[in-house]
Amino acid sequence: MAELLRVESLKKTFVTGGPLWNRHVVTAVDDVSLFVARGQTLGLVGESGSGKSTLGRCILGLTQVDGGRVVFDGTEVQGLRGKALHDFRRRVQPVFQDPYGSLDPRWTVGRSVRESLDCYRIGTPADREKRVLDLFRRVGLNPVLAGRLPNHLSGGQRQRVAIAAALASEPELIIADEPVSALDMSVQAQILNLLLDLQQDLGVACIFITHDLGVVEHVSDAVAVLYRGAIVEMDATDRIMRNPQHQYTRTLLAAVPRPPSTARPPPPYQGGSLA
Ligand SMILES: Nc1ncnc2c1ncn2[C@@H]1O[C@H](COP(=O)(O)OP(=O)(O)OP(=O)(O)O)[C@@H](O)[C@H]1O
Ligand SMILES: [Mg+2]
């Protein structure tokens, strides 16, 4: 499989604020190595605080790392500046849980998508308006919605706009951080199906961050399980789902709602050895 992204021994620590006697070091990402092939989706799963978002931000180059490397398409991300950094930002796009974070509340959502086309000079200025409408159709939105402000759309519609804005730059990798967690169950399924469609049609790779193993099951080729900043298990999705090796993975799996016939008894995980 052709490599798109490689993360090697990545480390990120934070020193918590407050008075000196109360400060301590949190290891948010602890010696993480992973690999994403072109067009593949890697699910990154773990409970709250396990370091998923920090790892995503380190890969995006939004957070400075303390050690290790992020290599995208053969080039180390940490050293990128100027035009090379701009090009990396075009090729690796984030989608966040809360689309309000990426959509300017004062702009029509069409303008937000247009901004991405302008920023990365996609297409000619003359055909960008048409591209905006095409992107709206591509993510299953009626193009008339392009003239609305974000707060006049539903949560699911806003997330579709955020996905359109991410797709506008024709990325090769999308880092989606809990993109459906804030949505109702029925809307979650629609957005997940959209992401699957996009992956199949456009061949865009994805790192899909979630605390819910049941969600990654549907969208990921491979899964990495994070516990306290470290990967405890990484394998093809069907192998992880059928035969999890680590007790923490089994605990996450037990939390996935299943029809009664396939329900597994939930083994409590109280920490301990990660081996
Ligand atoms: N800017 C920061 N300053 C200090 N500590 C931080 C900072 N960002 C994250 N952390 C800490 O790093 C650890 C990992 O946080 P992170 O947000 O990456 O986890 P997460 O897996 O994304 O959690 P969630 O599922 O709640 O989004 C946590 O202990 C968190 O408190
Ligand atoms: Mg997070």
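Predicted model: local features only at pLDDT ≥ 70, side-chain atom pairs only at ≥ 80, totals over all residues.
Student: What does Glu172 pair with?
Tutor: Glu172 forms a salt bridge with Arg91, and their closest N and O atoms are 2.7 Å apart. The pair links distant parts of the chain, 81 residues apart. Glu172 sits in the loop between α5 (155-168) and β7 (173-177), while Arg91 belongs to helix α2 (residues 82-91).

Student: Is Arg91 buried or exposed?
Tutor: Buried, because its relative accessibility is 15% and the cut-off for buried is under 20%.

Student: And Glu170, what does its side chain meet?
Tutor: The side chain of Arg131, in a salt bridge at 3.3 Å, N to O.

Student: How accessible are Glu170 and Arg131?
Tutor: Glu170 is partly exposed, at 46% relative accessibility. Arg131 also counts as partly exposed, with a relative accessible area of 28%.

Student: Staying with helix α4, where do Asp134 and Arg137 lie?
Tutor: Both lie in helix α4, three residues apart, which is about one turn of the helix.

Student: What is the accessibility of Asp134?
Tutor: Asp134 has 33% relative accessibility and counts as partly exposed.

Student: Which residues are linked in a network of salt bridges?
Tutor: One such network links Glu3, Arg6, Glu8, Arg69 and Glu76.

Student: Change of topic. Where is Asn142?
Tutor: Asn142 is in the loop between α4 and α5. With a relative accessible area of 44%, Asn142 is partly exposed.

Student: How far apart are Asn142 and Gln157?
Tutor: In sequence, 15 residues; in space, 9.8 Å from C-alpha to C-alpha.

Student: Now helix α1. How many of its residues are buried?
Tutor: Seven of the nine residues in α1 (residues 52-60) are buried, so the helix is mostly covered.

Student: Which ones?
Tutor: The buried residues of α1 are Lys52, Thr54, Leu55, Gly56, Cys58, Ile59 and Leu60.

Student: What comes just after α1?
Tutor: Gly61, which takes a positive phi of about 80 degrees.

Methods:
Residues numbered from 1 in each chain as written. Chains lettered and ligands numbered in written order. Heavy atoms only, no water. Salt bridge = Lys/Arg side-chain N within 4 Å of Asp/Glu carboxyl O. Helix = DSSP H or I, 4+ residues; strand = E, 2+ residues; numbered from the N terminus. Buried < 20%, exposed > 50% of the residue type's maximum accessible area, 1.4 Å probe, protein only.
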